[in-house]
Structures are given as structure tokens and as C-alpha cells.
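I opened the model today to look up its strand pairing and a few single residues. My notes are below the display.

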Amino acid sequence: MSEHIEGESEVGSETAIGCDTDVQEPEGRRNFLSGAVALAVGALATLAPIGVAITTVLDPLRRSTKSNGMVLVTRLSAVPEDGSPRKFTVSADRTDAWATYTDTPVGAVYLRRVGDDVLALNVVCPHAGCFVGVADDGARFACPCHRSSFDLDGVVNDPASPSPRDMDELEVEVRNEDEVWVRFQNFLPGRDEKTPV
Ligand code: FES
């Protein structure tokens, strides 16, 4: 009985204090709210990277674009089925003296289907480093700088061409049936042999 009466007295006291909270919240409640906000912010900070990671894993072309020196360039379905060449930008991570830049254009390749395989040729001319184009008739590659000429396999097809070697072929892998991966590499121009830069 005595305990019950004391309890009633305490409730009355709390009610009186509660009226003051119209002006100033109790410290315990403020601490609780601050803790809840901090918890929510922490949860968001944790969940955001997880969401990005899930998206990256689920989309093959957003998956890590580098693997064992190979770079994911495009989907096989983007390479013309008729064997004509198509140019693709190659993006990869690049590091200079100050920073690392992710997914930055580092070069370009011509891709073309040869039977069930894919041929990859660096677009840079082995003569002096200009960008090789596709001739108007689509039947060969032609360099606009000094008129080197190559067939669609990248082989020099004109004895007057100043290029000292064929266009630089790059290793290709088709993974997961639709992903075209290329071991992208630049080579020194003006040399008979392929010398990696
Ligand atoms: S740079 Fe291509 S022919 Fe000279």
C-alpha cells in the first residue's frame, strides 16, 4: 500500500516536470534523439556503398572493368556481324604522379569479327603515331598522315606505306558469351618490332 502511494507521488512529480518540456526538453530525451539521428546517418553511410556494390555486381558492364591485365571494352553484340571494323574507346584506371583516375579513356581499338573470333587492332599507326582511319570504301585501313595502308587484318598492303610494321594486334577474349575483353597496350612507333611503351 505504502509503495503504491509513493508511486502515485512520483507520477505526479513527473507530470509537473513534463510541463516544463514545452520550453526545454529533458536531457535524456535530447540524448535519445541525438543518438537516433546519429544512428540513422550511420546506417545511410553504411548502406549507400552496399547499394553501389550490389549494382556493380549485378551489371556485367559495370563490374570491375579490369581483370588480369584485360580491359572490358564492349559487348560482342556491338561488333558488326559482317566483319567490318568498328572503333571502340578503351577505358581503364590511369595513375599519374598525383592521383589515380578510374575508368578513364586510355586509347581505342578497332574490333572486327573474323569467323567465330574477334580481331582487335590498336588504332595508333605504327609509323609515327597518328590515328588510323577506315578508308571510304570500308575495305582497308588508311592513315591520314603519311598514307600508310593496311588491309582489314591490319597487314600493310601497299609497298609505298611508310609504316615499318603491321597494325598492332591485341589479345582478345570473349567472356560470358557476350563480353569482349582486350589486353590493351600501346607500342613504340617507328620500329619494325612491337615494343611496349
Ligand atoms: S603516322 Fe601513319 S603513315 Fe605516318
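These entries go from the whole chain to the sheet and then to single residues.

**Ground rules.** I am working with a predicted model, in which local features need pLDDT of at least 70 and side-chain atom pairs count only at pLDDT 80 or more, while totals for chains, interfaces and linings use all residues. I number residues from 1 along each chain as its sequence is written.

**Whole chain.** I counted elements in the protein chain and got 2 helices and 11 strands. Both terms refer to DSSP runs numbered from the N terminus: H or I over at least four residues for helices, E over at least two for strands. Read from the N terminus, the order is α-α-β-β-β-β-β-β-β-β-β-β-β. I then looked up burial: 18% of the 197 residues in the protein chain are buried. A residue is buried when 20 or more other C-beta atoms lie within 10 Å of its own, exposed at 12 or fewer, and partly exposed in between, with C-beta atoms placed from the backbone. For contacts I took pairs whose C-beta atoms, placed from the backbone, lie within 7 Å. Among contacts between residues at least 6 apart in sequence, 46% join residues at least 24 apart.

**The sheet.** Which strands form the open sheet of 4, and in what order? I read the order as β3-β4-β5-β9, with antiparallel pairing. The edge strands are β3 and β9, each of which pairs on one side only. Pairing here requires at least two bridges found by DSSP between two strands.

I went through the pairs in turn. Strand β3 (residues 86-95) is joined to β4 (residues 100-114) by 9 bridges, and the two form a hairpin with 4 residues between them. Within this pair, Lys87 has Tyr110 as its bridge partner, and Phe88 has Val109. Next, 6 bridges join β4 to β5 (residues 117-122), again antiparallel. Val109 turns up here too, standing opposite Asn122 in β5. The hairpin of β4 and β5 has 2 residues between the strands, and Gly115 in it takes a positive phi near 65°. The pairing of β5 with β9 is antiparallel and rests on 2 bridges; in it, Ala120 stands opposite Leu170.

**Met167.** I found Met167 in the loop between β8 (149-150) and β9 (169-170). Is Met167 buried or exposed? Met167 counts as buried because it has 24 C-beta neighbours inside 10 Å. Leaving out residues up to four places away in sequence, Met167 touches Leu121, Asn122, Pro126, Val132, Phe141, Phe150 and Gly154. I also noted Leu152, which is 15 residues from Met167 in sequence and 9.8 Å from it in space, C-alpha to C-alpha.

Most residues other than glycine have a negative phi, so I wrote down two exceptions. Arg147 has a positive phi of about 65° and lies in the loop between β7 (141-142) and β8. Arg147 is partly exposed, since 13 other C-beta atoms lie within 10 Å. Asn176 has a positive phi of about 50° and sits in the loop between β10 (172-175) and β11 (179-182). With 10 C-beta neighbours inside 10 Å, Asn176 counts as exposed.

How values were computed
Contact = placed C-beta atoms within 7 Å.
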